[in-house]
Every structure is written in structure tokens, then in C-alpha cells.
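Visitor: Hi! Could you walk me through this model while I have it open on my screen?
Guide: Happy to, let's take a look together.

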Amino acid sequence: MLLQQYRDHLPWRAEGVVELGSGDASAIADVVRTVPELRVHGYDISPASVDRARQNIAERGVGDRYTVELGDFFDQADSAAGPRPSTAISNPPYIPAPSRDILMPELWGGEFGNDLTLQLLKAGHRHVIVALPSYADPVTTLATARDAGYRVVNFLAMGLDFGQYSSEPVVRRQIERICAEGRGWAGPDEYMVAVALLTQDPDVPGDREPQLMRALQLHG
Ligand SMILES: C[S@@+](CC[C@H](N)C(=O)[O-])C[C@H]1O[C@@H](n2cnc3c(N)ncnc32)[C@H](O)[C@@H]1O
């Protein structure tokens, strides 16, 4: 896991991390359980997700180090008391579609699927660990990250089959458009997702944008 691999370079043990879009919290709750020094403060706009998240966190016994609040990450992070942690993590909503009128509106990532990620890159976090799907215009996301002074330190990538939400016809048409425009990649039944560590800190070693582009099947 990237947080552990870069534990000596990122200040998360002292500051904790903030999370955009905790969902049911099960994935990160398992990480928190196995990393005793990790504290996560998450936000989600879905009341049902926050209820499930709190249950999952309680079941795993990590409620003292993982909290999830109902609300928009960007509003809440601005109004939170004290300094904002410099590390943000997110598996953000990334379903691309012309409008929010899709099966699961809270997973809508804007027209190209990367609206929330682009907003996260402007939210003032020095280190960002974020899921980048190959079909959600990673070309623009990485160019925006570069312009904002971020560098790709490292990443973990894997292939995923299209699921229920990415298979919805209006979404598939949008994915085809994004790929045809050279802004992303998807196979007939699959796409790639990379969880990437981006940093603005010159002291964190690593510069792997070309490798990340190849892992996302983008060769431009
Ligand atoms: C793709 S899910 C990720 C869930 C979980 N982190 C996981 O990896 O399984 C994205 C989540 O972001 C939430 N979300 C969408 N926009 C948000 C916002 N502005 N602030 C906080 N949460 C948001 C959605 O409700 C959804 O639960």
C-alpha cells in the first residue's frame, strides 16, 4: 500500500489523512485496522453510505482512528477546525456521462468522469492518493496535476471488468467518446484503474508518469 511504502516521506502519521468519498468505508477500514498509526477523516454526501460506513468501521473496531462525516468533502474540508492534513486519499466518483441522470447519481464524475479528481487537485493537499480509471480522461487529469505542480511518485494498477454502472448505455457511449478522442482507454469489456500517489514535495523520490500512462494503456 502506498501510504506504508512512503511512510518516511509523507507526514500522515503526524497529521492523519482526509478522504473524499468514503462510501461504505470497508476498503479503508481494513487498511486502518492493519496500520496502527493511521488516522482517517472521511466525508461522503450519501446518508446511506455514511450509515453503512459507520457500521463497518464499528465492526472492525477502528472507530477511534477512522471517522466518516456526512457532507461535501470540499465544503467540510474548508470549514474544518485546525490545519488541513497535507495528505488526501480518494476513490472518487468517476462514472462519465452527459448528466447526473444515471443509475447511481452519487457516482457521477461529470462529463468526462474526472470532475471530482480535478477539484481535489485544486484543494490544497500536497500529497494526493487517488484512483485514476483509464476511461475517465486520465490524459487531462495528469496534465492538470502537472500544471498544479504534482508529480507521479508511484502507483498500483489493475484491470477491472465493466460493472453495472459503467455498463449503462449512456455511460458506455460516453466512454467510447472519451476513448475515440484519445483521452482514455477501455477494452470491449474492461478498463484499467491505477491508484496513484501524486506529490508536490520535491523531496519525495519517484517520477513515474510515463509508466502510469502505459499501465493505463495510454501511449501518447
Ligand atoms: C466510487 S465511491 C468510493 C467508495 C469507497 N471509497 C470505495 O472505494 O469503495 C465514491 C463515493 O464518493 C461520494 N461522493 C461523491 N461526491 C462527493 C463529495 N463532493 N464529497 C464527499 N463524498 C462524495 C459518493 O457518495 C460515493 O460514496
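This is a predicted model: local features need pLDDT of at least 70, side-chain atom pairs count only at pLDDT 80 or more; totals for chains, interfaces and linings use all residues.

Visitor: Which residues of helix 7 are buried?
Guide: They are P138, T141, L142, T144 and A145. Those residues sit on the same side of helix 7, because they cover an arc of only 160 degrees around the axis.

Visitor: Remind me, why do residues three or four places apart point the same way in an α-helix?
Guide: An α-helix has 3.6 residues a turn, so such residues end up pointing the same way.

Visitor: And what follows helix 7?
Guide: G149 does, and its phi is positive, near 90 degrees.

Visitor: What about the other end, where is D137?
Guide: D137 is in the loop between strand 5 (127-133) and helix 7 (138-147). Its phi is positive too, about 55 degrees, although D137 is not a glycine.

Visitor: Is D137 buried or exposed?
Guide: Buried: the relative accessible area of D137 is 1%, and the cut-off for buried is under 20%.

Visitor: Which residues is D137 in contact with, leaving aside neighbours within four places in sequence?
Guide: With that exclusion, D137 is in contact with F112, N114, I178 and R183.

Visitor: Which residue other than glycine has a positive phi near 70 degrees?
Guide: That would be A25. You'll find A25 in the loop between strand 1 (17-20) and helix 3 (26-34). A25 counts as buried, because its relative accessibility is 2%.

Visitor: Switching topic: where does R39 lie?
Guide: R39 is in the loop between helix 3 and strand 2 (40-44). With a relative accessible area of 35%, R39 is partly exposed.

Visitor: What does R39 touch, not counting residues up to four places away in sequence?
Guide: On that count R39 touches R13, A14, E15, G16, V17 and R65.

Visitor: Let's zoom out. How many helices and strands does the protein have?
Guide: Nine helices and seven strands.

Visitor: How does the radius of gyration of the protein compare with that of a compact globule?
Guide: The two agree: the protein has 17 Å, and a compact globule with 220 residues would be near 17 Å. Along the principal axes, the C-alpha atoms fill a box of roughly 45 × 40 × 30 Å.

Visitor: What share of the residues count as buried?
Guide: 50% of the 220 residues do. As for contacts with a separation of 6 or more, 76% are between residues 24 or more positions apart.

Visitor: And the accessible surface, what does that come to?
Guide: About 10300 Å², and 50% of that belongs to carbon and sulfur atoms.

Visitor: Last one: how many positive and negative charges are there?
Guide: There are 20 positive and 30 negative charges, and their mean positions are 4 Å apart.

How values were computed. Residues are numbered from 1 along each chain as its sequence is written. Side-chain values use heavy atoms; hydrogens and water are left out. Helices (H or I, at least four residues) and strands (E, at least two) are DSSP runs, numbered from the N terminus. Buried means under 20% relative accessible area, exposed over 50%, partly exposed in between (1.4 Å probe, protein chains only). The arc is that of the directions from the helix axis to the C-beta atoms. Contact means heavy atoms within 4.5 Å. The radius of gyration is taken over C-alpha atoms; the globule rule is 2.2 Å times the number of residues to the power 0.38. Accessible areas come from the Shrake-Rupley method with a 1.4 Å probe; for residues, only the protein chains shown count as cover. Lys and Arg count as positive and Asp and Glu as negative; His and the chain ends are not counted. The place of a charge is taken as NZ of Lys, CZ of Arg, CG of Asp or CD of Glu.
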